[in-house]
Amino acid sequence: MPRKRAAISKDFPPVLSPAEKAYEAHISLLYSSTKTFDLLCLPVELFDIIISLFPDVLSIRPLKGTLLENEYGQRGRVLRALSRVSHAYRAVFLHKAWERLEAVVYDETRTSENWWMQLGRKLERVSNGLANTPEVARHVRIATVNLSKYSSKTVLPAFAHCLERLPNLHTLQVVHASSSVSAGIHSTFRDIKLPQIRNVSMPSSARGILSSCSEVRCVTCRDDDGGPLVWALRNACPKLEVLRGITPNATTANPALRKLEINARKTYFEPYSPQEWVETTIVTIRDLRNLRSLRTLIMWVDVEERSDLKYPSKRKIEAARQALRETAAPLPKLLVVRWCHTKGVVKEERINIE
């Protein structure tokens, strides 16, 4: 006698909420046709840890030098490759691949090009590409570039045009700017407006860009004493709050400045004699009391031997403490002293002023 067929359930399938439908759609993308576990099944946090293991430009603190080796471009190459695998991968990795615009990595295997020619061509190519693809340009948050002498009449306008079309850009880092393009930077950025930029790091030769960054809050000087850069800041950046990388002699009278980082080490006494430099430095440190909004002062000084009387770091620290106490800003205030040796920072001392 034939077996009876199982009764067919007349129950309707369960009604899924929008969140459950989205979850089901996501799960269907996680498995390939061969039922193998897909890379996208990994937690987002694990992805971030894996990507952080690749050398990248922002891992260098502080960012030094004019050129970076080819290995520092691995992070960007891996992320761009992953973003081209499929639509699902593109949705996850595209914004990570293009959150940084980087034109500072020199490919040593391309021996037919000089470093300045290679970086100049790369900057021009990337700038033109981003300017014409707004769906990618909206992902860029940080731009790190090298403004070389290569074809500045075409590269600089392309770069400036690109920056205007990056609506979410908040940090601009100019690792190096050739002195021969300084005048070109001034003329190119004269009529450019970049109100979206909040943080800038650059050498004095690139200070012409500051005229376009009226909303900048933090500026870091990358060379010499910072004097020319500070002079450009007086009228260009009225909302400046944090200034780093200058010597005490490069003083500023910006009323909104609330955080200042200065280099008071003995290696910066030219063209003064060592003793003249010490006395000049102490006088300029005392003048910082005129910055009425200053609440945090970070100062780099040298680790001294007891017999070394030419570079009295303790006198500089006391002058900084007194100047910070006399500013018009309300308490509490903070003085951070970074004791340095030839190999870098030895220790950090935090002095609260209450």
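Mentor: Start with the labels. Helices (H or I, at least four residues) and strands (E, at least two) are DSSP runs, numbered from the N terminus. This is a predicted model, in which local features need pLDDT of at least 70, side-chain atom pairs count only at pLDDT 80 or more, and totals for chains, interfaces and linings use all residues. Residues are numbered from 1 along each chain as its sequence is written, and side-chain values use heavy atoms, with hydrogens and water left out.

Trainee: Where does Ser151 lie?

Mentor: Ser151 is in the loop between β2 (142–147) and α7. Look at its backbone. Ser151 is not a glycine, yet its phi is positive, about 40°.

Trainee: How many residues has the largest nonpolar core?

Mentor: A nonpolar core is a set of buried Ala, Val, Leu, Ile, Met, Phe, Trp, Tyr and Cys residues joined through side-chain atoms within 4.5 Å. The largest one here has 70 residues. Leu101, Leu147, Ile209 and Leu260 have the most contacts inside it. Helix α7 gives the largest share of this core, six residues. Another core, of nine residues, lies apart from it; Leu40, Phe47, Leu82 and Tyr89 are among its members.

Trainee: How many aromatic pairs does the structure hold?

Mentor: Rings of Phe, Tyr and Trp (its six-membered ring) pair if their centres lie within 6.5 Å. Planes under 30 degrees apart are stacked, over 60 edge-to-face, and the rest tilted. There are three pairs in this structure. Phe47 and Phe93 make an edge-to-face pair, 5.2 Å centre to centre with 85° between the planes. This pair links distant parts of the chain, 46 residues apart: Phe47 is in helix α2 (residues 44–52) and Phe93 in helix α4 (residues 87–97). Both Phe47 and Phe93 are buried. Phe159 and Phe189 also pair edge-to-face, at 6.4 Å centre to centre and 70° between the planes. Phe159 belongs to helix α7 (residues 152–164), while Phe189 is in the loop between α8 (182–188) and β4 (199–202).

Trainee: What forms one aromatic cluster?

Mentor: Phe47, Tyr89 and Phe93 do.

Trainee: Which charged end sits over the ring of Trp116?

Mentor: A charge sits over a ring if NZ of Lys or CZ of Arg is within 6 Å of the ring centre and within 35 degrees of the ring normal. For Trp116 the charged end is that of Lys149, 4.9 Å from the ring centre. Lys347 sits likewise over Trp339, at 5.6 Å.

Trainee: Where is Pro332?

Mentor: Pro332 is in the loop between α11 and β9 (333–341). Leu331 and Pro332 are joined by a cis peptide bond, with omega about 0°.

Conventions
Buried means under 20% relative accessible area, exposed over 50%, partly exposed in between (1.4 Å probe, protein chains only).
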